[in-house]
Amino acid sequence: MSKSNYKKVEFVTDVTKKEDFEIEGVNELKIKNNKVSFIYGGDLNKLVELINSKNVLDLTISEPTLEEIFMHYYQ
């Protein structure tokens with residue numbers, strides 16, 4: 001997958017269970033308090049469905065750095 005297909009997703013929600021985010025394309029999932037972050041490399045419609053199923057209080061979707069993509073391949 002090329003760099004342009006990956007997204008860095010960070011959001012704050014009131015309910016965070018790790019198993020809620022175990023969908024194809026989610027990598028490097030981190031949950032701390034109510035903040036969820038991960039690198040996503042899959043169908044954007046599934047990502048939108050996932051986010052839409054949560055009570056989102058804040059959301060940032062950006063391009064990951066080259067280092068973040070590199071680390072994904074070597075972990």
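Me: Why does K7 count as buried?
Reply: In this predicted model, K7 has a relative accessibility of 17%. The cut-off for buried is under 20%. The value of 17% falls under that limit, so K7 counts as buried.

Me: Where does K7 lie, and which residues is K7 in contact with beyond its neighbours in sequence?
Reply: K7 is part of strand β1, residues 7–13. Leaving aside neighbours within four places in sequence, its contacts are F38, I39, Y40, L44, I61, S62, E63 and P64. A contact needs heavy atoms within 4.5 Å.

Me: What makes the link between the side chains of K7 and E63 a polar contact?
Reply: The distance is 2.6 Å. The limit for a pair of N or O atoms is 3.5 Å, with one able to donate a hydrogen and the other to accept it. At 2.6 Å the K7–E63 pair is within the limit, so it is called a polar contact.

Me: Why is F11 called buried?
Reply: F11 has 1% relative accessibility. Like K7, F11 is found in strand β1.

Me: Which residues does F11 touch?
Reply: Residues up to four places away in sequence are not counted. F11 then touches F21, N34, K35, V36, F38, I51, K54, V56, D58 and L59. Take K54: F11 and K54 are 43 residues apart in sequence, yet their C-alpha atoms are 9.9 Å apart in space.

Me: Is K32 buried or exposed, and why?
Reply: K32 is exposed. Its relative accessible area is 63%, and exposed means over 50%. K32 is found in strand β2. From K32 to T16 the separation is 16 residues in sequence and 8.8 Å in space, C-alpha to C-alpha.

Me: What makes β1 and β4 a strand pair?
Reply: Pairing takes at least two bridges. Between β1 and β4 there are 6, so the two strands pair. They run antiparallel. In one of these places, V9 has I61 in β4 as its bridge partner.

Me: In what order do the strands form the sheet, and what makes a strand an edge strand?
Reply: The order is β2-β3-β1-β4, in an open sheet with antiparallel pairing. An edge strand pairs on one side only; here the edges are β2 (26–32) and β4. From one strand to the next, the twist averages 10°.

Me: Where does helix α1 lie?
Reply: Helix α1, residues 44–52, lies across β1, β3 (35–40) and β4. The helix runs at about 175° to β3.

Me: How many helices and strands does the chain have, and in what order do the elements run?
Reply: There are 2 helices and 4 strands. From the N terminus on, they run β-β-β-α-β-α.

Me: What share of the chain is buried, and what share of its contacts joins residues at least 24 apart?
Reply: Of the 75 residues, 29% are buried. Among contacts between residues at least 6 apart in sequence, 63% join residues at least 24 apart. The accessible surface comes to about 5100 Å², and 49% of it belongs to carbon and sulfur atoms.

Me: How confident is the predictor, and where is confidence lowest and highest?
Reply: The mean pLDDT of the chain is 86, and 88% of residues reach 70 or more. Confidence is lowest in helix α2 (residues 66–73), at a mean of 72. It is highest in strand β4 (residues 56–62), at 95.

Terms used
Residues are numbered from 1 along each chain as its sequence is written. This is a predicted model: local features need pLDDT of at least 70, side-chain atom pairs count only at pLDDT 80 or more; totals for chains, interfaces and linings use all residues. Side-chain values use heavy atoms; hydrogens and water are left out. Buried means under 20% relative accessible area, exposed over 50%, partly exposed in between (1.4 Å probe, protein chains only). pLDDT is the predictor's confidence in each residue, from 0 to 100. Accessible areas come from the Shrake-Rupley method with a 1.4 Å probe; for residues, only the protein chains shown count as cover. Axes are lines fitted to C-alpha atoms, for helices over the stretch in contact, and angles run from 0 to 180 degrees between N-to-C directions.
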